[in-house]
Structure formats: structure tokens, C-alpha cells
Amino acid sequence: MRWENLTEGPAGPAALFGADAVVTRTIDTPEFRGITFHEVRARSIVNRVPGASRMPFEWTVNPYRGCSHACVYCFARKTHSYLDLDTGVGFDSQIVVKTNAPELLRRELAAPRWTGAHIAMGTNVDCYQRAEGRYRLMPGIIEALRDRANPFSILTKGTLILRDLPLLREAAEVTEVGISVSVGFTDAPLWRTVEPGTPSPAARLNAVRTLTDAGIECGVLMAPVIPFLGDSPAQLRATVRAVAESGATSVTPLVLHLRPGAREWFTAWLGEHHPHLVERYERMYAGGAYAPTWYQRMITRQVHELAAEFGIGPARRGAGRKIAGPERPDALAPAGATQLTLL
């Protein structure tokens, strides 16, 4: 691989880390077998979302690149090509770890230019993937946000978030904390093939129950709804029912989208496991990365109707930041920090 485009040198001060800052480790233990970690010291950690993004937040923190969840549809696969890493197996097994993320975040939050805007996490790759069990970056990150009473949200498929429940409760006492768990379906055979490195849907919904029982409101992002494999009325009903039983405060459906990088990998998987669907997918996604609007609206309507039937109401807003000072939407992050890809 080549790291030159992201290290000091021709890239100048906007480089993401120094040329001598990469340490590669292979750990031969069962939980990490086949995974290589590239430990880096990042130059910035608060990233600004591109203006064209559809996301309702402006700033993100991503302590990892690559993800051992190995979801075949993951939209973030393309980001690995920026490091000259493979977007297929390489994305699943070559994990970049920003080892200085907590200390760097603490410094950036204290900068005069930062005015306390909401920070989203888990929007590129999962911050509670297996690597977090080894590197333990999230406790320091949550502590930094807690100490500045800076509002934040976390989206995850990882049950490891429960390890940090005490910190999340402390943060929620002083600022707005939003937690969402991603569960697109409860079909076990489908889960084993498309999300092989994740905790089971049942385990994730148990995590939702634990969080809500502890007083941390938790919604479910029902994502992705996979056309022709996870979108039957019976499957949607089973998933929304399970979400309701978990105590989730809300359920939000999101239909599978296939951006470059993810599209090629998912299509190869589809050809191996469901070859009869390849042509149907080519037609459905002929217009680009997103399913047709009529299909997205159909799924959204069905899920909302089921949510109403099972009594899942909209998520309530938390108490918000509890420190003095204005919260401006144009809060500034360190220069040169840009989020590369989002949902």
C-alpha cells in the first residue's frame, strides 16, 4: 500500500499523520485472527461533513478506518481506496487505528474556534467494532465530550457500547446524548451472510433494552432494508415488532444504497449467493446508488404503519447542553479536517 498521500511531505500541513507515524501490528489471537492493525497518530480528529451531504449534522469523529463487521453492503468501503487499501477483504481486515484520538479530541474541543456543535460518531465505520475491545479509544472520547458538555450521538452495530454505559450516563447528565443501534432485519440466515462480523440482531436489540433500562434513550436505525431479501411484509413486521419489544424510542428505515466500492463488493456477493437477483438489482439501481423513490417511500410507509401499530413513538429530545454559551451552527473545526464519506 502507499501512505504518502496522507502523510507529511508534498501534502503539507493538511496531511492526516506524520510519515513515521504508522505502526503495523498483526495479533494472532482468535478474536483478531486475520486482521492487521495500522496504528497512526492522526493530525486532526473532528471532521466537517461536506456541504452536499444529506446528513442533519455537520461534524463527525471517526477513530477507525476499515471495519471488521465486514458488512457486504457497507457504504464506507470506498474510503479505503484513499489509503490505497483494498475495498473488499482489505476493508474488512486492514484496520487503521487513530491511537491518539482521545487526546487529540480533547485538544480540539478546547480550541477557541470550537463552539460546541453536535458531533456524530459511527457515521463512517463503527466505533464499537472489535478493534475497540483492544484499543479502548471510546472511553477517552466520551470523557472528553462529557467534560466539555459537548452534545454527541453514536450509531453502532456493536454491543461493546454497553461497556461504556456508566460514561454515557454521566455525559447525559450534562449534555444531549443520542444513541442509535442499527438493526435492518432479524432474519438470522441473512445476518450471517451479509453482516458476518457483527453481533446478532437479537444481541443488538438486547443492548437497546439495556440502554433504555439504564435511562439512555436509544433509537433503532432499521438499516439497511435489503430489496428482495429482507423487505417482505412478514420480515418487516417481525423486525419492527422486535424493535418495539426492545424498548427503542424510535425506528427509522433506510433502504440499501450502493455507492462505488460497496456496489462492486455487494454485486459479487449477490452473484455468489443469490445469482437470480443480479438482473433485478441492475434494474433497480440503474439510476445510481439509491433505490427508486417509489420503493423507498413504500418501505418507509410500511415501517411507519407498523411502528404505529406496535406503539413506537418518536424519539424525545434530551435535555441539551447544560453549560452557558451560544451554540452556533457555524462552529469551526481544525483547518483541513473533512469527512470523506457518510450515509
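The model is predicted: local features need pLDDT of at least 70, side-chain atom pairs count only at pLDDT 80 or more, and totals for chains, interfaces and linings use all residues. Residues are numbered from 1 along each chain as its sequence is written, and side-chain values use heavy atoms, without hydrogens and water.

The protein chain has 11 helices and 11 strands. Both are DSSP runs numbered from the N terminus: helices are H or I with at least four residues, strands E with at least two. Of the 343 residues, 54% are buried, meaning under 20% relative accessible area with a 1.4 Å probe, protein chains only; exposed is over 50%, and partly exposed lies in between.

Now take helix H8, residues 233–245, which holds Pro 233. Pro 233 counts as exposed because its relative accessibility is 60%. The C-alpha atoms of Pro 233 and Gln 302 are 8.1 Å apart, across 69 residues of chain.

Gln 302 also takes part in the contact of H8 with H11 (heavy atoms within 4.5 Å). The axes of H8 and H11 (residues 293–310) come within 9 Å and cross at roughly 45°. Axes are lines fitted to C-alpha atoms, for helices over the stretch in contact, and angles run from 0 to 180 degrees between N-to-C directions. The two helices are therefore oblique to each other; that class is what remains after under 35 degrees (roughly parallel), over 145 (roughly antiparallel) and 65 to 115 (roughly perpendicular). The residues of this contact divide into nine nonpolar, one polar and three charged. Nonpolar covers Ala, Val, Leu, Ile, Met, Phe, Trp, Tyr, Cys and Pro; charged covers Asp, Glu, Lys and Arg; the others, Gly among them, are polar.
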